[in-house]
Amino acid sequence: MVRLVGFSMIGLSCSGLGLWYAWNLRQRLYHLHAMNRIIELLVSLLQYGKSTLPECCCQLAGQVEEPYRQAFTRVYREMAEGRGHSFTEVYEGVMGEALRELPLKEQDRQLFLQCVLEQGSGDGQARVRLIRRQQELLRERIARLEAESREKGRMAVGLGTLGGLLLIIILL
Amino acid sequence: MNTSLTDIFPAAYRIYFKTAEGRARQVSEIRLRTSRPAILMEGSREVFLREDGAYTEHMDQAWRPDRQALSEIVSHLCQYSLYAYEDELRQGYITIEGGHRVGIVGQAVQESPGSIRTIKHISAINIRIAHQILGAATPVLPYIYRRGSMRNTLIVSPPGCGKTTMLRDLVRQISGGSAYGPARTVGVVDERSEIAGCYMGQPQNDLGPRSDVLDACPKALGMMMLLRSMSPAVLAVDELGSGEEIRAVRMAASCGVSLVATIHGMDMQDVQGKPGMGALLSEGIFSCLLVLRRDRQGRCRVGQVLHRRQIDGTWEEVAGDGPAGGI
């Protein structure tokens, strides 16, 4: 009886590991899509509203989901407090912290942070072009991941289950 | 106004303005030039800023901001969003939170001959501190009302003599009502965000309970928009100048709206010599002129109040230096 329980636990944990990996892949993709939507909103705020970056954060906070909503609100509030910190400092600190909690890779985080912090010149169009370039990179990454994720997810679940079975056989 | 003087600057540079912070009401201008002494103006008095934030009369002790410092300060002034101020930068200045105006010079990048795309390699800035002085217009109220109705008023002043301050308080007092006239709806076209000091669309200066502010909108266009949309009883505009603006003033006056406007100039003769203004004055569109000037001590005062006589269209001085009070 104890053996049976042990084998089922091994089987379940190995399959769970595979499922967790697949879920992480889906979540990463989900957040990359969310970032792409945020960048799209940001570009329209810059292009049509000529909003400053703190204003953009305030407006984005009302249009995006958690945890981005809370992070944008915090950035806006910290800038409005007028403690004299630069936007880069505040944004990197707050948004970097929020992104660390998400199942993203370091390069995804950097890409998203760069989109907003892209300095450019005093020319609005040039700035939008720079952001668009970053967005293109993000879209390429999304497309690549979408192509890979289903296959990779299935493989992870399969490998997890097979790994569990193999362990059980060895232990038998 | 909600911002303090040091809030204008990034945290790293606030120390330089420590003394100025305590004397914010007196500070009228801060001039920062790359590798040259930082100068602060208190009225007509000029002092240098030391690195510890104290004032000094000695140029060799002054703080000299480097290129990096100036660039960081400009970034901060623009809320790290230089692109959002590109239209203003083309004109050589930006208006920041609190209604302060920042003049910027550097290397102009031309788009086409005669038109500037932007300014790069910024080499100097001049921060003109906006002050709201409540009651600044009180001494002139008896002159702008006639039996409860308002005279179309033109405030004439050389730069830095307080015409925007006077206009701002006039708007507040007209909008709130006074012993001389009832409260009226005032439409304010604030092209340079100096009158109301709007930040994210919200006026930061007190313009009274019945003021509608159209912020950052060209004056001529704004006057027409306000006339159509908000049906104001009084229209207020700062720094008239272009032909289009003068045409808009004429149209507003023909719609029966009262006007309060300002213009750069030393006196009435100077204003009459400006294109289009002579005709505007002779047509009687404005019937009250407030001339601001500095006295010998360098203080800004209402130097002259002139009324247009309806019978023969001539201008008579109803108050000279002194009796109309100062600002």
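This is a predicted model: local features need pLDDT of at least 70, side-chain atom pairs count only at pLDDT 80 or more; totals for chains, interfaces and linings use all residues.
1. Overall composition of chain A. The secondary structure of chain A amounts to six helices and zero strands. Read from the N terminus, the order of elements is α-α-α-α-α-α.

2. Dimensions of chain A. The C-alpha trace of chain A spans about 70 × 35 × 20 Å along its principal axes. The radius of gyration of chain A is 21 Å, whereas a compact globule of 172 residues would have a value near 16 Å.

3. Burial and contact order in chain A. Of the 172 residues in chain A, 24% count as buried. When contacts in chain A between residues at least 6 apart in sequence are considered, 64% of them join residues at least 24 apart.

4. Helix H1 of chain A. This helix covers residues 2-49, 48 residues in total. From its first C-alpha to its last, H1(A) reaches 67 Å, which is close to the 70 Å expected at 1.5 Å a residue. Lys50(A) follows H1(A) and has a positive phi, near 50°.

5. Buried positions within H1(A). Cys14(A), Gly18(A) and Ala22(A) are among the buried residues of H1(A). The buried set also includes Leu32(A), Met35(A), Ile38(A), Ile39(A), Leu42(A), Leu45(A) and Leu46(A).

6. Contact between chains A and B. Chain A contributes 18 residues to this contact and chain B contributes 16 residues. On the side of chain A that touches chain B, the elements giving two or more residues are H2 and H6 of chain A. H2(A) gives the most to that side, with three residues. By class, the residues on the side of chain A that touches chain B comprise four nonpolar, nine polar and five charged.

7. Domains of chain B. The domain assignment divides chain B into domain 1 (6-128) and domain 2 (138-319). The C-alpha centres of these two domains of chain B lie 29 Å apart. Their contact takes eight residues from domain 1 of chain B and 10 residues from domain 2 of chain B. On the side of domain 1 of chain B that touches domain 2 of chain B, there are no nonpolar, six polar and two charged residues.

Technical notes
Residues are numbered from 1 along each chain as its sequence is written. Chains are lettered from A and ligands numbered from 1 in the order in which they are written. Helices (H or I, at least four residues) and strands (E, at least two) are DSSP runs, numbered from the N terminus. The expected span of a helix is 1.5 Å times one less than its number of residues. A residue is buried if 20 or more other C-beta atoms lie within 10 Å of its own, exposed if 12 or fewer, and partly exposed in between; C-beta atoms are placed from the backbone. Two residues are in contact if their C-beta atoms, placed from the backbone, lie within 7 Å. Ala, Val, Leu, Ile, Met, Phe, Trp, Tyr, Cys and Pro count as nonpolar, Asp, Glu, Lys and Arg as charged, and the others, Gly among them, as polar. The radius of gyration is taken over C-alpha atoms; the globule rule is 2.2 Å times the number of residues to the power 0.38. Domain bounds come from an automatic or database domain assignment.
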